Amino acid sequence: MDSKVLSDSKARQLVIDVLVAYGATNSEAGIVADHLVDADLSGVRSHGLMRVPQYVDEIRSGEIRPDVLPSMVRQGGNRVDLDGNRCFGQVGCTWAVREGESIARQQGLALATVRNTGHVGRIGAYAESLGRAGMLSLIFCSGPRSGHRVAPFNGREGRLATNPIAFSIPTKSDPIVGDFSTASSPEGRIRNLRDLGLEAPPETLLDASGQPTTDPNVLYQSVPGTIMPLGGFRLGHRGFALGLLVEALATLLPGDETNDESRIGNNVTFIIVSVDSSFTSRVESMTNYILTSPRRGEDLVALPGMVEQQHRAGAHMIEINTSTWTAIKNRAEVRGISIEDILSSNL
């Protein structure tokens with residue numbers, strides 16, 4: 001079966017229909033759909049529609065409760081803590097962004113945490129939202145022990161999740177947005193390479209015996225391999241140090257334990273700062289200075305987030321690989337959803 005190409009509107013409707021069929025409300029399914037479609041349009045396929053089968057399977061297993069909302073655990077001063085109650089991760093983070101932004105506008109600074117949610121997706125999307133709202137932000141995301149695929153520096157068994165960090169710097173136009181794993185690769189990217197039959201880059205993976213490999217299948221074997229920290233053999237101590245920082249802020253700070261086998265889903269911590277009225281002028285001066293650096297080749301000097309913005313510019317079509325398309329189609333048909341009706345619609 002060939003890959004499929006869908007318009008963004010049809011892709012969004014497909015995600016909504018599938019998730020609603022498995023118990024989500026239209027509102028919550030819409031939040032998830034918008035996030036996944038935006039990831040694909042941004043060129044971040046590891047966090048796009050390939051996640052739909054995963055979310056359906058996690059609904060089936062009880063890891064995601066598709067019809068619930070977060071609840072407030074603590075609110076006071078500059079801090080707000082939410083329990084996701086196993087809601088969709090995108091829903092939990094949307095709530096945390098809203099609550100944190102409100103506090104930052106009132107008090108200048110906010111710390112917001114959300115725990116016990118499903119997979120939250122591309123955390124750069126939340127940073128971008130905050131940047132467009134004029135906020136400076138730092139975002140830290142950790143995962144459960146079942147997702148501990150990253151080996152410590154000089155280790156060969158996983159002890160952390162890929163623990164990404166994102167940030168936003170507001171400007172007078174599009175915000176500067178950084179979003180990167182503290183591992184050598186996000187797990188979703190390795191999964192996508194496996195599905196496409198491609199090799200992983202060197203210094204990305206170790207097999208179960210701790211030997212370097214480019215075979216993405218090692219990560220999913222009965223005795224799994226691991227992902228190396230950002231920086232590989234020579235500088236991986238720096239990547240793992242960043243991963244530990246994320247673990248402290250996103251797992252330990254909200255009250256969870258790193259090695260708790262019962263923990264599921266993602267935890268996310270947001271630090272949100274309201275900036276003064278002249279901040280974006282200083283940012284503009286900084287970026288102008290950076291972008292005047294002479295090129296060392298043909299490519300333009302780039303700032304964080306530019307690649308994703310360029311991918312999205314004028315993009316309205318999404319390509320879904322054969323493996324993902326088959327998995328979505330199978331799960332849709334179980335609940336009587338006609339993929340053909342969506343494809344033939346006027347959306």
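Here are some questions and answers about this predicted model.

Reader: Let's start with the inside. How many residues does the largest nonpolar core have?

Author: Start from the residues with the most contacts inside that core: L14, V18, L19, L49, V52 and F88. Among the elements that each supply at least two residues are α1 (8-21), α3 (52-61) and α10 (322-334).

Reader: Which residues is L14 in contact with, leaving aside neighbours within four places in sequence?

Author: Once its neighbours within four places are set aside, the contacts of L14 are L6, W325, I328, I339 and I342.

Reader: How do α1 and α3 run relative to each other, roughly parallel or roughly antiparallel?

Author: Two packed helices are described by the angle between their axes and the distance between the axes. Here the axes of α1 and α3 come within 10 Å and cross at roughly 10 degrees. Angles under 35 degrees count as roughly parallel. So α1 and α3 are roughly parallel.

Reader: What kind of residues make the contact of α1 with α3: nonpolar, polar or charged?

Author: On the α1 side you'll find V15, V18 and L19, and they meet V52, V56 and I59 in α3. No polar and no charged residues turn up in this contact, and the six residues there are nonpolar.

Reader: In β11, which residue stands opposite V114?

Author: β4 (residues 109-117) and β11 (residues 266-274) pair in the antiparallel sense over seven bridges. In β11, the residue opposite V114 is V268.

Reader: How many residues lie between β6 and β7 in their hairpin?

Author: β6 pairs with β5 in the antiparallel sense over four bridges, and F140 stands opposite I165 in β6. β6 also pairs with β7 in the antiparallel sense, over five bridges, with A166 having D179 as its bridge partner in β7. Between β6 and β7 in the hairpin there are six residues.

Reader: Is D81 buried or exposed?

Author: D81 lies in strand β3, and its contacts, beyond neighbours within four places in sequence, are S71, M72, V73, R74 and T113. Its relative accessible area is 8%, and the cut-off to compare with is under 20%. So D81 is buried.

Reader: What about T162, buried or exposed?

Author: T162 sits in the loop between β5 and β6 (165-169). Not counting residues up to four places away, T162 touches V150, S181, T182, A183, S185, P186, E187 and I227. With a relative accessible area of 17%, against a cut-off of under 20%, T162 is buried.

How values were computed
Residues are numbered from 1 along each chain as its sequence is written. This is a predicted model: local features need pLDDT of at least 70, side-chain atom pairs count only at pLDDT 80 or more; totals for chains, interfaces and linings use all residues. Side-chain values use heavy atoms; hydrogens and water are left out. A nonpolar core is a set of buried Ala, Val, Leu, Ile, Met, Phe, Trp, Tyr and Cys residues joined through side-chain atoms within 4.5 Å. Buried means under 20% relative accessible area, exposed over 50%, partly exposed in between (1.4 Å probe, protein chains only). Contact means heavy atoms within 4.5 Å. Axes are lines fitted to C-alpha atoms, for helices over the stretch in contact, and angles run from 0 to 180 degrees between N-to-C directions. Angles under 35 degrees count as roughly parallel, over 145 as roughly antiparallel, 65 to 115 as roughly perpendicular and the rest as oblique. Ala, Val, Leu, Ile, Met, Phe, Trp, Tyr, Cys and Pro count as nonpolar, Asp, Glu, Lys and Arg as charged, and the others, Gly among them, as polar. Two strands pair if DSSP finds at least two bridges between them.
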